[in-house]
Amino acid sequence: MTTLNNLKRPANSWHRKKRVGRGQGSGLGKTAGRGGKGQKARSGNMRFEGFEGGQSPLQRRLPKFGFISPNRTIYAVVNLADLEAFDAGATVDEAALKTRGLVKGRYDGVKVLGNGTLTKKLTVRAHKLSATAREAVEKAGGSVEELPLVAHKPESAAKAHSGKGVKKAKS
């Protein structure tokens with residue numbers, strides 16, 4: 001078995017770098033493999049990606065499309081089938097979903113959707129619920145509490161905006 005201390009590159013897997021412009025004896029002297037005259041022989045020629053010889057390039061001919069708002073609200077989606085994992089009478093909130101591994105990563109809120117069936121009585125605390133999910137939870141004997149969506153804590157907002165836009169009285 002090969003280990004890290006005796007790794008070797010395969011034979012013929014590399015080539016020596018071509019050193020151009022190093023005199024006539026090297027075989028790549030004088031014009032350094034660029035040929036004689038012409039745009040491609042000059043330094044700084046127009047060989048960047050997307051250049052089409054002066055024709056309007058494809059990336060400029062095609063229309064712009066799409067937009068992703070920087071202020072969008074992203075919800076973690078949980079289905080009723082996922083809530084079946086909780087014990088009867090349990091309170092299902094964002095913290096409980098994170099400990100079970102049903103919600104991973106950072107989200108602005110939790111949304112419960114109605115895919116699957118729910119047979120247990122649960123207290124569901126979420127930021128959004130679909131109509132079918134709300135109906136299924138209440139039908140199973142549980143209760144639904146819709147939480148307000150808070151993007152950030154009020155105290156952090158107060159700190160961030162303290163004194164901004166307020167003109168101080170001249171003394």
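Okay, let's start in the sheet: threonine 123 has serine 143 in S6 as its bridge partner. Helices and strands here are DSSP runs, H or I with at least four residues for helices and E with at least two for strands, numbered from the N terminus. And H4 packs on that sheet, touching S4 and S6, with its direction at about 140 degrees to that of S6. For the angle, axes are lines fitted to C-alpha atoms, for helices over the stretch in contact, and angles run from 0 to 180 degrees between N-to-C directions. Touching, or contact, means heavy atoms within 4.5 Å.

Before I go on, a word on what we're looking at. This is a predicted model, where local features need pLDDT of at least 70 and side-chain atom pairs count only at pLDDT 80 or more, while totals for chains, interfaces and linings use all residues. Residues are numbered from 1 along each chain as its sequence is written, and side-chain values use heavy atoms, with hydrogens and water left out.

So, the sheet as a whole. It's open, with three strands in the order S2-S4-S6 and parallel pairing. The edges are strand S2 (91-92) and S6, each pairing on one side only. S4 and S6 pair in the parallel sense over four bridges; for two strands to pair, DSSP has to find at least two bridges between them.

Zooming out, the chain has five helices and six strands. Reading from the N terminus, the elements go α-β-α-β-α-β-β-β-α-β-α. Of the 171 residues, 16% count as buried; buried is under 20% relative accessible area, exposed is over 50%, and partly exposed is in between, with a 1.4 Å probe and protein chains only. The chain exposes about 14,200 Å², and carbon and sulfur atoms supply 52% of that. Those areas are Shrake-Rupley values with a 1.4 Å probe, and for residues only the protein chains shown count as cover. On contacts: among those with a separation of 6 or more, 45% come from residues 24 or more positions apart.

Now, what sits in the core? The largest nonpolar core has 19 residues, and the ones with the most contacts inside it are Leu80, Leu83, Phe86, Leu97, Val112, Leu122 and Val124. Elements giving two or more residues to this core are strand S1 (75-79), helix H2 (80-83), H3, strand S3 (109-113), S4 and helix H4 (131-139). A nonpolar core here is a set of buried Ala, Val, Leu, Ile, Met, Phe, Trp, Tyr and Cys residues joined through side-chain atoms within 4.5 Å. As background, nonpolar side chains in soluble globular proteins tend to be buried together. Take leucine 122: leaving out residues up to four places away in sequence, leucine 122 touches Leu83, Phe86, Asp87, Gly89, Ala90, Val92, Val137, Gly142 and Ser143.

On to charges. How many salt bridges do we get? The count comes to four, with a salt bridge being a side-chain nitrogen of Lys or Arg within 4 Å of a carboxyl oxygen of Asp or Glu.

The one I'd like to show you joins the side chains of arginine 125 and glutamate 145, at 3.3 Å, N to O. Arginine 125 lies in strand S4 (residues 123-126) and glutamate 145 in strand S6 (residues 143-146), so this pair ties together parts that are 20 residues apart in sequence. Arginine 125 is partly exposed at 29%, and glutamate 145 is partly exposed at 37%. Setting aside residues up to four places away, arginine 125 touches Thr91, Val92, Asp93, Glu94, Glu145 and Leu147. Its C-alpha is separated by 5.9 Å from that of glutamate 146, 21 residues apart along the chain.

Then lysine 98 and glutamate 94, at 3.9 Å, N to O. They're four residues apart in helix H3 (residues 94-100), so about one helical turn separates them.

One more: arginine 61 with glutamate 52, at 3.1 Å, N to O. Arginine 61 is partly exposed at 43%, and so is glutamate 52 at 28%.

Most residues other than glycine have a negative phi. Asparagine 12, though, has a positive phi of about 60 degrees; asparagine 12 lies in the segment before helix H1 (58-61) and is exposed at 73%. Alanine 32 also has a positive phi, near 55 degrees. Alanine 32 is found in the segment before H1, and is partly exposed at 23%.
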